[in-house]
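Dear colleague,

I am handing over the structure we spoke about, and it is pasted just below. My notes on it follow.

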Amino acid sequence: MKKPKIYIIDNEKFYAESLFHKLQNSKFLDVIDWGFNPKLALEDIKEKQPQILLSDLRMPHRENGYKFINDARKNIIGLKVIAMTHDIYPSLLSDLETHQWDALIHKEDISEDEIIKASAAIQNDQKYFSKT
């Protein structure tokens, strides 16, 4: 299977950049870039056309993350979304269905292996949820 092109977005600059550097040499993922400013990242992904968006849900508020993901999907046909969050809140699973995210990873579970598993699942049109 061809390595999926992934773009990372998190409003915590250090987190996004660290995750990018951690994954950039992966044999199974093509992590093309990262961003921390949703407005600038939206322009960046329009140009770079990733297949998968690895996005924080709170940037800095939940509404901002949800809006960013929806805007990104409007601009890239077929974009798959791996949502990530620190917070487990009551509406999270229903939000996953309502907003049609393809995968959900708790930041506590973030690792190269976890992202590879999520990417493989969603490329095969399966949903993916991390353990936590």
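Which residues is Thr85 in contact with, once its neighbours within four places in sequence are left aside? They are Asp56, Leu57, Leu92, Leu104, Ile105, His106 and Lys107, where contact means heavy atoms within 4.5 Å.

Before the rest, a word on the basis of these values. This is a predicted model, in which local features need pLDDT of at least 70 and side-chain atom pairs count only at pLDDT 80 or more, while totals for chains, interfaces and linings use all residues. Residues are numbered from 1 along each chain as its sequence is written, and side-chain values use heavy atoms, with hydrogens and water left out.

Thr85 has its place in strand E4; helices (H or I, at least four residues) and strands (E, at least two) are DSSP runs, numbered from the N terminus. Thr85 is buried, with a relative accessible area of 1%, where buried means under 20% relative accessible area, exposed over 50%, and partly exposed in between (1.4 Å probe, protein chains only). His86, by contrast, lies in the loop between E4 and H4 and counts as partly exposed, at 44% relative accessibility. Leaving out residues up to four places away in sequence, His86 touches His106 and Lys107. His86 and Leu19 are 67 residues apart in sequence, and their C-alpha atoms are 15 Å apart in space.

Leu19 belongs to helix H1 (residues 13–23), where Ala16, Leu19, Phe20 and Leu23 are buried. These four cover an arc of only 100° around the axis, which puts them on the same side of H1; the arc is that of the directions from the helix axis to the C-beta atoms. As background, an α-helix has 3.6 residues a turn, so residues three or four places apart point the same way. The buried residues of H1 are covered by elements that include strand E1 (5–9), strand E2 (30–35), E3, strand E4 (80–85) and helix H5 (112–123). On the face of H1 turned away from its buried side sit the exposed residues Phe14 and Lys22.

Helix H5 contains Glu112, which is partly exposed, with a relative accessible area of 29%. Not counting residues up to four places away in sequence, Glu112 touches Leu23, Ser26 and Lys27. Although Glu112 and Ser26 are 86 residues apart in sequence, the distance between them in space is 7.7 Å, C-alpha to C-alpha.

At the N-terminal end, H2 is capped by Asn37, a side-chain oxygen of which lies 2.9 Å from the backbone nitrogen of Lys39.

Apart from its neighbours within four places in sequence, Asp44 is in contact with Tyr7, Asp33 and Trp34.

Two glutamines in loops have positive phi values. Gln49, in the loop between helix H2 (38–48) and strand E3 (52–56), has a phi near 50° and is partly exposed, with a relative accessible area of 37%. Gln100, in the loop between helix H4 (92–99) and strand E5 (103–106), has a phi near 55° and is exposed, with a relative accessible area of 54%.

Definitions and conventions
A polar contact is a pair of N or O atoms within 3.5 Å; within protein, one must be able to donate a hydrogen and the other to accept it, and residues adjacent in sequence count only if both atoms are side-chain atoms.
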